Structure formats: C-alpha cells, structure tokens
Amino acid sequence: MKREIKGMLTGLGVTFKTMMKPAVTVQYPHEREAPAPRARGVIALKEENCTVCMLCARSCPDWCIYIEGHKEQRPPRREGGRPRSVSLLDRFDIDYALCMYCGICVEVCPFDALFWSPEFEYSETRIAQLLHDKHKLGEWMETVPEPEPLEQGAEVKGKK
Amino acid sequence: MAIDIGWGTTLAIKTVIVLGIVPLTALILGYTFLLKMMSHMQSRLGPMDPGGFHGWYQLIGDGLKFLQKEDIMPDHADRRVFALAPAIVVLSTFLVFVVIPAGPRIRVASLDSRGLFDGVGVFYALAVSSLSVVGVLMAGWASSNKYALLGALRAAAQLIAYELPLVLAVVGVVIQAGTMSLQGIISFQQHGSLFGWSGIGFPLILTQFVGFALFMVAAQAELTQPPFDMPVAESELVAGYMVEYTGFRFLFFFIGEFGTAFAFAALAATLFLGGWSVPWVHGTAADVLGPFVLFAKVMLVAFLMFWARFTYPRFREDQLQAIAWKWLIPIALGNILLTGLLKVAF
Amino acid sequence: MTTTDLPSPGELPEVTVDPAAMRHLADAQVNVELDTGDMVLNIGPQHPATHGTLRLVVRLDGERVVSADPIIGYMHRGYEKLTEFRTYPQITTLINRIDWLSSFANEVPFIAAAEQLMSIEAPPRAQYQRTILTELSRIATFLLFLGEMGLQVGAITPAFYGFRDREYVLNLIEAVTGGRFHPNFNRIGGIKDDLPWGWISECRTTMNKVLASCDEFDDLVVGNPIFQKRTRSIGIIPQQLGAAYGVSGSNLRASGIDWDLRRDGPKYLVYDELDWQVWTHPDGDSFSRYWVRLQETRESARMVLQMLDQMPSGPLMAKVPRIIKVPEGEVFVNTENPLGEMGYYVISKGATGPFRTKIRSASFSNVSILPWLLRGSYVPDIITILASLYFILGDIDR
C-alpha cells in the first residue's frame, strides 16, 4: 500500500516539475529553428555544371526529374581544331510532389551540378505548382551551405 | 439595501446570472487548466496566438466554431431523445450553481429556511448533480452507435457507483457542522476556532481530511475525468457517448463537463475550505470579497483535480467499480462512524 | 509462469505444437452482420489505438472478447514487387519506409545481404557508425513506444515526453544523414558520409538526456500503480506459443526467452565488441513488454556512449565499382530490429537490382498471435495488448 501511494505521488511530482520548467515549443512562424546544414530540404541545380548526361533522371526511384537538352556547336579551342559540341539544358524540372528526398540524384551526378539545401519553406497551395523548373532550382543555389568540417578520424574531406 | 423589485424581475435577473456564470466559469476553468496547465505539464505552450496574449481567446473561438457547425443527426437516431440529452446534462450543472453561495447574501436560492425544507442545500446539490446520468444514458442510446452505447453503459455504471462515496463523504461534514445548509456550514467554519485561536476559523478539511480525499476521488469519477474516464476513453471509444454529437450540442456537453467541474470544486471549497468566508471579514465587505475568495479556493481545488487528471492512466471498468464498492464506501462509512463518535464524545 | 524452465541464454525453446492451443479462427470474416447474442465490434481501420490501418473484427459478449480477427492489408504497398524493378541504391531508399519509425534499421539487413553476395565487408569505421545509427533508431522508436503506450492506457502526458525526447535523437540523425525519419544512409560497402564536426559531443549530451528521460518514465509510468493494475497479467504470451507463432524481439524477451540476434545470431555490425546485456522478464504480460523496452532503451544509450569512445578512424567505404552489379546467388540475412526480427531473402541474378526480395517483417508474425491472445480479455485490455505488442502497419503490410 505504501509503495502504491509513493508511486502515485512520484507521478504527480514529475508532472509538477515539468510544469515549472520552461516549455520546449518553438513558436513557428514567430521563431524559427535552423535545420542542420546537411538537412535534405530541397535540391538546387547549378546549371553551368550540367552536361545533360541524364544520370540523375535515370537513377531517381520515382522518375521525378524531367530533362530535355540540345547540342550546340562551340568554336574550337585552338586554331585548326574541331568544333566542340556542348550539351545545354532546355528543361530541368523536378516534381517535388513525387520526390522522395532520397538524394540519389545528388550523389550520382558526376559533375556536381546538384546540391542539397536545408531550405524547407517552399510549400504551395496546389500540387501542380510543386513542379519546379531550372530557374527556381538555380535560385535555391544561394541557400546551399558550405561543406562542413568532419569529425576527427574521418579520412575523406567533407562533401555534401 | 432594500430596493423593492418584484419576484418576477428577481427571477429574471437570477436566471440571467446563472446562465451567464456557468459558461463563463467553464471557460475560465477550461482555459487555465485544460489549455495552459496541461500544456506546461507536457513541456509545451498551449495556444499562444488567438487573442494575442497567450491565446486567451482560444476557447471563445472554439465555442463560436461549434455554434456555426451543421447540426448533424445520425440516420437511425432517436431524434427527440438525441436532442434532449445534452440539455439534461447541462441542466444538472445549472441547478447545482443555483445553491452555491458566493457571499453571505449572494446566492441564487437559499433553501435555508423555507419551512418544509429547512436548510437542505447540501442534499439538494448532491441530488441534482446526479441528473446528468440520465442525460448520458439518453445520449448513448439515441446515437444508434455501438461505441456510444458502450460508453454510455460504462458511464452510467460508473456514475451511479460513485454517487455513494460522494454523498457519504459529505455526511461527515454535515455531522460535524450540525446542519445541511451550505450557509450554515460556511458560518460554522468561519466562526469556529482551532484550539482557541480563530485566525483562520475552522476549515473542515483539517478534521475531515478523509472526507476531502473521498470527495475529490468521487468528484473525479463523477466528472468522468482520468483516472476514471473509461466512458470517454479517448483511445478506445474516441468520445464515448458523445461521439455522434457535433456543433452546439457538443458545446453543451463541453460546458456541462467543465461547469460541473467548477461546481464540484465549488462544493468542495464550500464544504471543506470555508467557501466565500474569510474569518475576520463580515457584512457588506464579505459580500464584495466573497466571490473572489470563493474563486481562489475553487481554483486551488480544481488545480488538484486537473493535476491528477493529466498524470494518471485510466482504470479499467471493473477495477473502477472495485475501488468504489470495496474501498471508498467502507472508508466513507468508517469516517462517518468516527466522526459521529468524536462529535458525541466531545 | 515460472522461471525454472527457461531456456538458457542464446537458445530458443524447443517448440512442441499443441493443436488445442494453436486453434484459432481460420477464416477471417470480412463481411459481418450483427448477430443476436454476441455483439460484433469493428475496431479500425480508422482508430486511434491501432497503429495505422489495422482492422480488428471483435466478437463481444458484454465486455469480454469471444473471438478476434485481425484483417490486414489496408496498407499494402507492394514492396516486394517494387524491388524487382529497381537498383540497390533505389531500394535502400524505399525500404526505409517499411518500419518508418526506425528507418535506419530496415536498411541494414538488406545492405548486409547485398554485401554478403558480393563478398565485401564494410570497413570498421563504417560498421561502428552503422551500429550507432541503428541504436539511435532503436532509441527513437522505443521512446515513442514508451510514450504512446502510456497514452493508450490513458495517461496523456507520457506521450508528449516521449515525442519531446525523441526530437533530440532525430536532430542527431538529421545532423549526420540529412533526414530525420528516412536517413537513406547505407550504401553497399559502407555508409554515405562521415560525422560532422561536433557531433560526438552532442551525441553524448543527448544520450545522457535519454537516460534521464528513461528515469522520468520510470517514475511517471512504470511506478504508477494504476498502470501496473492495467498491464500486469494482461496478454500473457506463453513461451512455446510465442516462439511457435514467430513472435520476436522484445515481445519474446518479455516472456523470458533470452534470445537476441545481436548476440546470438551470425555476426553483424559490431555488437560483439561492446559490453552490453540482454534484458528479459519472466512474466509474459504487457507490463513486462513495457519494462523490457524501457531497459533496452537505456542499454542502447549506454551502447552508443561506448561506441563513441571506441570509434576507430579510417575509410568509410570499401572498394566498390561505380555501377554495382551483385553476382548471382541467394542469401537470407536477419537482424534484430526494434520491432523484432527482420530479414531479407535476396535472390540475385547478376543485375544491378535483385531478381526477387522476400521481406520477413517482425510485426507480421507479432500480429498473428492476436486471435489467440485476445480471447477472453476485456475491451480495454485489447487496447493495452495492441499497444504493448508494438507493431507498425507498414511493417505488417509492407
């Protein structure tokens, strides 16, 4: 009987103590918490690096990346050389309604054209508006953080 | 003050006061304890935006929201019974408020010296608070929903079982004070003295602590609050007997719940803590100060009730009944016996 | 329930099937009419107590259960079919979502299966980090369990404490992997990224917070006599029956069987280099399941603290080709997930993705004992038993 009464009273004590401590709520939108630099918020595109190799579109589990490109001729670098052909992006859309935020596209890109950004406040009122084109993806490049230093013992330098 | 107003006007004024006070107290209790105290006990803030200052407008907004909802009734529901049930539950709340005094002359009905019913405030309050059982059963049956029926049956069994400890707990107070009238009990506490010192009067909680504990436990069960909230077990039956109710009918249930919480807390404050009285204040000053003192005491008692509500898990129905019949009632009878013996001896 | 006939540690009991004990309703009654006499109650698929879309058709006699049928499949997403047409990295992303509360732990057996077929081993630093993340997932999901079982039994406050403390762990996982819930961090041959600067000290602080919060749960829930009244002797799973039905994980350990794949199965990750113990409880009731999971949370926190001290330095990935083609073969790898024993049977025909994957999920077998377990219990006890078995619908239905 005594143990039971003690059990009841300790329970009351826990709730009372928690009431006295400050609450842990962050009052969004008045206050904001910054997510971790590695947080997978949104994918940003660096258009200069993209060579339209289509690796990202192929490796996406949901096939949510839509790419169209065309080839252009550039003048040769040296005198008497062949003109170089360069692939340029026409369309690079990511459908964020399908995107699983897995990061496979960012990982497989051999030219470092895709980056993760912790930006998360891009919700829309209609699902169709979640298809973002390369201009919007390029705008998000500004929110991409610098690669951060790693813990001691790590061999590889920080990469995204 | 002897202004001559006819009985009709008096009745109208009193009706308006009771009709206004009950939702107001329900609101205050709901906001302070349900929204704010519960939130801080759970490490969060509760509503902060509505009204700008710590969300004081939240419940009013909720009430308005309920009022503008569509009035839905299930297809096979018993229409009249379905509509009447919340009214009966709220009716019992209003009727209890009628008899709680907030000052030496501030009360809606005195029931003190009327000849036939000479001083029956306590009796009336306890009797009338049991009316809600009928309303609950009506709600559960008329909803034509198995979950609601289960909840209503559980509720009826629980409420009836805990009536007895509630009443028996109060009998000790009545024996010691010598009267069933609420004003009489309050003046007994106000004019009493502890070993000759009348500084704080003689709050009956000091000798009737067993009765106080019993009353609090039984009141918790009467309000179907955790740990006795099987009828409204949120994670099983969702809302129990209230599950089919929406709109202003649900608002009635809500007001009934918190209004009754205030009523029981007020009864406990009156019977055990001295109600509106502070020992050295009499007369018109008591009339002015009385409601505030009562309010403060009610908040204290309600704090205890809600503190237990947010901490404990709920009992199973059979364990609940076992506690009432096997523990609370024998303890209450023992308390009465002891009080009677001591009263006669001293 | 006696402790004298418990099997020794690391040993499963000999299962002798008793037909009388195994008898349960063979056919699920999907279309039910209201019978006279008994009342048929349909709990779910939308219900706050069933963790997801589980439907329980329960036949009641008053408040006692006469029979109970779980009907699953409302959340079937076709995982095994999905894996037939995807590559290994893509599948790693998808299987995070089978048991979404401890998502990292779902990836581990699958990646281990692929690595076994390729005969490569992840370097020790990667193994340590995998183990740390697995144990962090275990802590995260158990904190939620400790909170929500209190909620199912009626106490509303523990749920908030569970979620609040889980946030700290999820912030840790997010700092490493980028995702709070779905890390998608395992790769064949190692893991994706190394720890960011300052993570180890933050992890230490968080683990101490977790240990403090376990003490809080001890005070608020375990020590509460009302909780004990609601959970002791409720839903006792006898050892033989539990093992016969394939119940695994903490549910089995709460019935007294000392079996933990981290210690008794084939070696995976770095559990054999740590100093830890397996917690069991002799009664098989709901209280013991809660208690065992509470102790396991504490044990996981201590394990993480040990691993933070012991972490070797070195590379994170073994040498793997760019395009990974797993050689032909079949392998079955099972691991101790927070929910129980999870296994992947992978058949590979040399392509970039598996030919067929069979997923052995823990909750599927845990839920199969429900028809036997719920017979004769009260309606509130159904909720307690469901909460204490702790299944996730995504794990049952895949």
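Start in chain C: select β6(C) and β7(C), and you will find a hairpin joining them through 2 residues. Before going on, note that this is a predicted model, in which local features need pLDDT of at least 70 and side-chain atom pairs count only at pLDDT 80 or more, while totals for chains, interfaces and linings use all residues. Residues are numbered from 1 along each chain as its sequence is written, and chains are lettered from A and ligands numbered from 1 in the order in which they are written. Helices (H or I, at least four residues) and strands (E, at least two) are DSSP runs, numbered from the N terminus.

**Stop 1: around the hairpin**

Colour residues 329-337 of chain C for β6(C) and residues 340-348 for β7(C): the two strands run antiparallel, joined by 9 bridges. Two strands pair if DSSP finds at least two bridges between them. Pick Val333(C) and look across to Tyr344(C) in β7(C), which stands opposite.

How many of the 9 residues of β7(C) are buried? The count is 7, so the strand is mostly covered, where buried takes 20 or more other C-beta atoms within 10 Å of a residue's own, exposed 12 or fewer, and partly exposed is in between, with C-beta atoms placed from the backbone. In a regular strand, side chains alternate between the two faces of the sheet.

**Stop 2: His51(C)**

Stay in chain C and select His51(C), in the loop between β1 (39-43) and β2 (55-61). Is His51(C) buried or exposed? It counts as buried because it has 23 C-beta neighbours inside 10 Å. Show Phe391(C), Ile392(C) and Leu393(C) too: His51(C) touches these, leaving aside residues up to four places away in sequence. Contact here requires C-beta atoms, placed from the backbone, within 7 Å. Then draw a C-alpha to C-alpha distance from His51(C) to Asp397(C): they are 346 residues apart in sequence and 12 Å apart in space.

Zoom out to see chain C whole, with its 16 helices and 8 strands. Of its 398 residues, 56% count as buried. Among its contacts between residues at least 6 apart in sequence, 72% join residues at least 24 apart.

**Stop 3: chain A against chain C**

Bring in chain A: 28 of its residues are in contact with 30 residues of chain C. Highlight helix α1 (residues 2-20) of chain A, which supplies the largest share of that side, 7 residues. The side of chain A that touches chain C divides into 16 nonpolar, 6 polar and 6 charged residues. In that tally Ala, Val, Leu, Ile, Met, Phe, Trp, Tyr, Cys and Pro count as nonpolar, Asp, Glu, Lys and Arg as charged, and the others, Gly among them, as polar.

Still in chain A, select the open sheet of 3 strands, ordered β2-β3-β5 with antiparallel pairing. Its edge strands are β2 (65-74) and β5 (131-132), each pairing on one side only. From β3 (residues 84-95), 2 bridges reach β5(A), and Asp95(A) has Leu131(A) as its bridge partner there.

**Stop 4: two helices in chain B**

Finish with α10 (residues 248-273) and α11 (residues 283-311) of chain B. Residues meeting between them include Phe262(B) and Leu273(B) in α10(B), and Leu294(B) and Met305(B) in α11(B). That contact divides into 12 nonpolar residues, no polar and 1 charged.

How values were computed. Axes are lines fitted to C-alpha atoms, for helices over the stretch in contact, and angles run from 0 to 180 degrees between N-to-C directions. Two residues are in contact if their C-beta atoms, placed from the backbone, lie within 7 Å.
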